[in-house]
Amino acid sequence: MYNILKKPDNILTHERNNGINFIGAPLFWELGYKGQETVVAIIDTGCDITHEELKDNIIGVFNFTSDDNCDANIVNDYTGHGTHVAGIIGARNKKRLIGIAPKTKLLILKAIGSKNISTSENLINAIEYAISWKGPNGEKVDIINMSLGTKENNEKLREVIDEAIDNNIFITVASGNSGDGQESTDEILYPGYYKEVIQIGSVGISLKPTFFSNTNQNIDFLSLGENVYSTYPEDQYKSFSGTSMATPQITGVISLILSYFKNENLIISQESIYQYLIKHSIKLDNSGIRTQGNGVVKL
């Protein structure tokens, strides 16, 4: 069973951090790159698609769960998790500065129901849908964000992820919130642990790795995962912590980079974008590769 990641304990939530300045998004905005011409598929608990900061960026929806009588067109978010993730990636920033890529389009794929769990079948079907999806003007999915995980390996899941990557879709996945603060011990969740995906851990504003963030040899990057302020159902806003919040930070960054690459007619490949991220990351002196991977992304 797949589920949204366990909420970390002992993290204050009255603070209001966002990844916009932390990650350096305004540098891209000033050049005119805000995620336009990109589509992000968010596989999560659904989304409040009428939220004031999100409604203009929703390009499509599909419900894979049994919620709302299995109606494929209803993606109500009963936990707030998916709405929060969506805002970090692509809130329009009309009233609050939240979204890293405020002009990206969001494809909402609800694979996790009201009880915060999902089947492997739902997750696989959602990824397959993202691969084959075409927008009203022929748009295709550029990035899949998955702030979820399970301890169970699944070969079919890995196969469909490989298919997505073969279609040059970038996949970002949360590492998980079961860390014990010790780099010597591994905490492994799938699909984040697959080498083919971009696995994201959490760091605080002070650039100190977050104690709850999973560590393992396949961590790729870190981003802000403490007290991240974002959208919440019914036009609300809340701060949450977790690698679920750090992951969409990187998804938003990739959207900005893709806007830049597309405008400049640069070669877009898994390798070219990954290398760009590496070149714009900083290594933390007090942490090894199992904690930070290639470091903290800073544009």
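Author: Let us begin with a definition: a salt bridge is a side-chain nitrogen of Lys or Arg within 4 Å of a carboxyl oxygen of Asp or Glu. Please note that this is a predicted model, in which local features need pLDDT of at least 70 and side-chain atom pairs count only at pLDDT 80 or more, while totals for chains, interfaces and linings use all residues. Residues are numbered from 1 along each chain as its sequence is written, and side-chain values use heavy atoms, with hydrogens and water left out.

Reader: How many salt bridges does a search of the whole structure find?

Author: The search finds seven salt bridges. One of them joins the side chains of Glu 196 and Arg 158, at 3.1 Å from N to O.

Reader: Where in the chain are Glu 196 and Arg 158?

Author: Glu 196 is in the loop between strand 8 (170-174) and strand 9 (198-203), and Arg 158 is in helix 5 (residues 155-166). The pair links distant parts of the chain, 38 residues apart. Helices (H or I, at least four residues) and strands (E, at least two) are DSSP runs, numbered from the N terminus.

Reader: Which residue forms a salt bridge with Arg 290?

Author: That residue is Asp 186, with the closest N and O atoms 2.5 Å apart. Arg 290 belongs to helix 8 (residues 289-292), whereas Asp 186 is in the loop between strand 8 and strand 9, 104 residues apart.

Reader: Changing topic, how many residues has the largest nonpolar core?

Author: It has 53 residues. A nonpolar core is a set of buried Ala, Val, Leu, Ile, Met, Phe, Trp, Tyr and Cys residues joined through side-chain atoms within 4.5 Å. Ile 42, Leu 106 and Ile 254 are among those with the most contacts inside this core.

Reader: Which helix gives the most to this core?

Author: Helix 6 (residues 243-263) does, with nine residues.

Reader: What does Ile 254 touch?

Author: Not counting residues up to four places away in sequence, Ile 254 touches Ile 143, Phe 170, Thr 172, Ile 198, Ile 273 and Leu 277. Contact means heavy atoms within 4.5 Å.

How values were computed. Buried < 20%, exposed > 50% of the residue type's maximum accessible area, 1.4 Å probe, protein only.
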